[in-house]
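Look at the structure below with its sequence at hand.

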Amino acid sequence: MVNFSKKLTTDQIPGWEEHYFNYKLLKDRVKEYTEQTKEGNRDRRRVLKDFSKLLDDEIEKVVLFMIEQQGLIAARLENLGQKKARLQDLPLLQEISELREDYREVGLDLVKLLKFVDINANAVRRILKKFDERLGDKFTDYYVSSRSNHPYSQLKQVFKHVGIGAVVGALSRNLGDLEEREGSYLNIYDQHPLAIPKDPIIDLIKATADKLTNSTNFLRFLGQHALIAQEDTTGSEVERIEEDKYYFISLVLNLVNTFLYMVNTYIIVPTADDYATSLGAAATVCGVIIGSMAVAQIFSSVYFSAWSNRSYFRPLLFSSVMLLLGNVLYALAYDLNSLVILLVGRLLCGLGSARAVNRRYISDCVPPRIRMQASAAFVSASALGMACGPALAGLLQTNLKVSVFTINQDTLPGWVMAFGWFVYLIWLWISFREPVLDTEIKDFHEGSSSSSSTRHLEEEELEQGLAEQLLPSYEDDQTDQAERLPGASSLRPASSVTSAYRLLTPSVKVQLLIYFMLKYAMEILLSESSVVTSYYFGWNTSTIAVFLAILGLTVLPVNAVVGTYISNMFEERQILLASEVALLAGVLLSFRVAGTYTVAQYVCSALLTFVSAEVLEGVNLSLLSQVMSSRLSRGTYNGGLLSTEAGTLARVAADATITLAGGVLGRSALLNATLLPSLLICLASIAATMSTYNSLFY
């Protein structure tokens with residue numbers, strides 16, 4: 001792990017040291033306040049007042065220096081602009097070249113300023129989080145709410161870098177004007193931005209500014225769904241070791257596992273109600289059939305997460321075998337006329353859920369230079385699997401007998417997936433390469449060390465640096481560790497569900513509630529679609545399959561729009577709240593109030609609900625990674641596991657609701673009965689979001 005205090009010191013720009021946020025001073029003051037309040041020697045209100053003033057002073061110091069540097073850069077740009085204007089009458093090539101170099105020098109100085117703001121913003125985030133953790137107050141919420149919306153807000157200057165965008169624009173325009181284009185000087189405003197040949201310094205400025213503002217694009221936005229860290233890695237040895245652990249075909253096999261599992265999850269949705277009635281059960285038992293896979297996944301996520309500490313090949317092998325057997329049983333249940341065997345088959349499929357292994361392989365074994373692409377591929381594989389599952393079910397419309405086996409729309413999904421997992425199992429056995437274990441890497445370092453003390457430090461560094469990084473974080477130094485209780489360490493991951501729960505702050509709990517809510521609403525929509533549409537509209541399996549496939553295919557286009565445009569126009573917390581409201585509107589529109597329930601009403605409400613939930617998921621997981629404790633970034637009980645469990649529990653609850661409501665109230669009341677819990681949970685999540693809204697400022 002990167003030592004934040006050390007990083008803060010080493011990354012300081014020479015000559016600017018006295019203008020940086022004094023993180024060590026405030027960290028020591030937090031320690032002092034913690035000890036004094038425990039002993040009862042200091043009033044908590046006085047602590048809040050003193051710390052607020054100290055924080056204001058440090059932020060003001062940073063902001064004033066930032067404004068001073070912006071002014072200097074603006075003055076230099078003005079002088080260069082006057083120089084450029086004089087060259088318009090007599091454009092000499094040498095003078096233009098020299099002027100371009102002058103603009104590039106200004107650009108490099110702007111990059112330095114952006115990095116200055118970025119590291120100071122990180123220091124402010126960390127000290128606010130540390131204060132809340134140590135003193136148990138919602139200080140961040142108070143401080144941000146009182147400062148961020150104030151007309152003289154200095155906090156906005158740090159986090160929103162007000163004014164720097166204009167400087168970036170001025171540099172881009174002037175460098176663009178100086179580009180030689182066959183003797184013609186075209187203005188950047190007359191062309192599409194992508195058509196302008198950019199000077200490399202502009203790309204450097206843009207990359208630095210994007211990092212500061214958490215600006216994103218489609219690839220990065222997709223990667224956020226995976227909840228996998230994209231941390232900066234500067235150590236050459238760590239990079240070389242991670243390269244040794246990486247094997248492209250192994251990554252492909254993990255992505256194929258993800259795709260097949262999602263196909264396996266949703267391929268039965270269009271026919272689950274028909275299968276249930278074929279076995280003598282009510283159509284609404286489809287909720288149990290679909291949800292039984294999620295029930296088993298609650299447990300499989302934990303043991304797969306723990307298993308991946310020691311191996312990746314064996315968990316994937318076990319997953320494939322379980323899914324192969326589960327699908328065979330699912331298909332055989334029809335001829336055996338046994339609902340129990342069908343449910344056992346689905347439970348076995350759930351026990352083969354290796355998504356924790358897939359995610360962790362990308363986190364641990366894929367080099368940082370391509371980890372974002374791998375994360376986006378993970379999410380894309382999931383989305384495509386979700387769309388292909390129902391679409392494939394729509395194609396499997398046949399009815400014949402092969403020996404003693406019935407092949408029809410109910411059993412064929414099981415046989416097709418069993419064949420798919422059999423082929424995958426063979427490919428896995430032949431091609432997967434087990435990554436180098438961390439213990440082997442430690443041995444390598446021990447052999448190359450020159451002294452035992454150096455060996456110990458290197459081993460400890462590797463253990464921290466190569467541990468599972470599902471959430472981005474910096475760790476404090478050894479002084480910070482000493483502030484903890486005896487035997488505890490800020491570098492130690494949560495060792496149990498209980499210890500993980502204790503690390504959940506109110507903001508984290510709210511984000512997990514939102515994740516539960518959106519997964520619940522999506523599962524209600526998808527799982528009951530076959531029952532609702534056949535009851536109200538008389539849709540057959542093919543029509544239902546096409547409808548669900550279209551819903552699944554909206555995932556990537558919607559993420560493209562949000563990731564490329566919307567996320568760069570609004571704050572994440574604004575998108576979060578707007579998505580929740582849109583999802584609430586979709587749920588409300590889905591209710592059958594009176595009269596005829598039309599196809600148009602159902603389709604429009606389903607699209608609004610599904611798209612809103614997809615947008616919400618990406619932003620929710622991004623914010624979750626920011627507010628979650630760094631101790632939940634690794635180990636078995638990590639943030640990725642917690643979010644997976646929250647989503648899986650939501651699916652189980654939704655499927656159980658469908659079966660119970662259908663069994664008690666019947667198909668005629670199923671729609672409204674299942675939408676009511678979605679409505680209440682959505683309202684609760686909106687209220688919870690409002691209560692922690694200010695803590696999501698950054």
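Helix H16 covers residues 355-365, and eleven of its eleven residues are buried, so the helix is largely enclosed by the rest of the structure. Buried here means a relative accessible area under 20%. The model is a predicted one.

**Helix H16**
- The buried residues of H16 include Ala-356, Val-357, Tyr-361, Ile-362 and Cys-365.
- Arg-355, Arg-359, Arg-360 and Asp-364 are also among the buried residues of H16.
- Asn-358 and Ser-363 belong to the buried residues of this helix as well.

**The chain as a whole**
- The chain has 30 helices and two strands.
- It has 698 residues, of which 55% count as buried.
- Take the contacts between residues at least 6 apart in sequence: 83% of them join residues at least 24 apart.

**Aromatic pairs**
- A pair of aromatic rings is described by the distance of the centres and the angle of the planes.
- The count comes to 29 aromatic pairs.
- In the pair Tyr-275 and Tyr-330, the ring centres are 5.1 Å apart and the planes stand at 85°, so the pair is edge-to-face; the cut-off for this class is over 60 degrees.
- This pair links distant parts of the chain, since Tyr-275 lies in helix H12 (residues 272-278) and Tyr-330 in helix H14 (residues 313-336), 55 residues apart.
- Tyr-275 and Tyr-330 are both buried.
- In the pair Phe-516 and Tyr-520, the ring centres are 6.3 Å apart and the planes are at 20°, so the pair is stacked; stacked planes are under 30 degrees apart.
- Helix H23 (residues 506-527) holds both Phe-516 and Tyr-520, which are four residues apart, about one turn of the helix.
- Are the two residues of this pair buried or partly exposed? Phe-516 counts as partly exposed because its relative accessibility is 22%, whereas Tyr-520 is buried, with a relative accessible area of 3%.

**Other ring arrangements**
- One aromatic cluster is formed by Tyr-535, Tyr-536, Phe-537, Trp-539, Phe-547, Tyr-597 and Tyr-602.
- A charge also meets a ring: the charged end of Arg-433 sits over the ring of Tyr-247, at 3.7 Å from the ring centre.

How values were computed
Residues are numbered from 1 along each chain as its sequence is written. This is a predicted model: local features need pLDDT of at least 70, side-chain atom pairs count only at pLDDT 80 or more; totals for chains, interfaces and linings use all residues. Side-chain values use heavy atoms; hydrogens and water are left out. Rings of Phe, Tyr and Trp (its six-membered ring) pair if their centres lie within 6.5 Å; planes under 30 degrees apart count as stacked, over 60 as edge-to-face and the rest as tilted. Buried means under 20% relative accessible area, exposed over 50%, partly exposed in between (1.4 Å probe, protein chains only). A charge sits over a ring if NZ of Lys or CZ of Arg is within 6 Å of the ring centre and within 35 degrees of the ring normal. Contact means heavy atoms within 4.5 Å.
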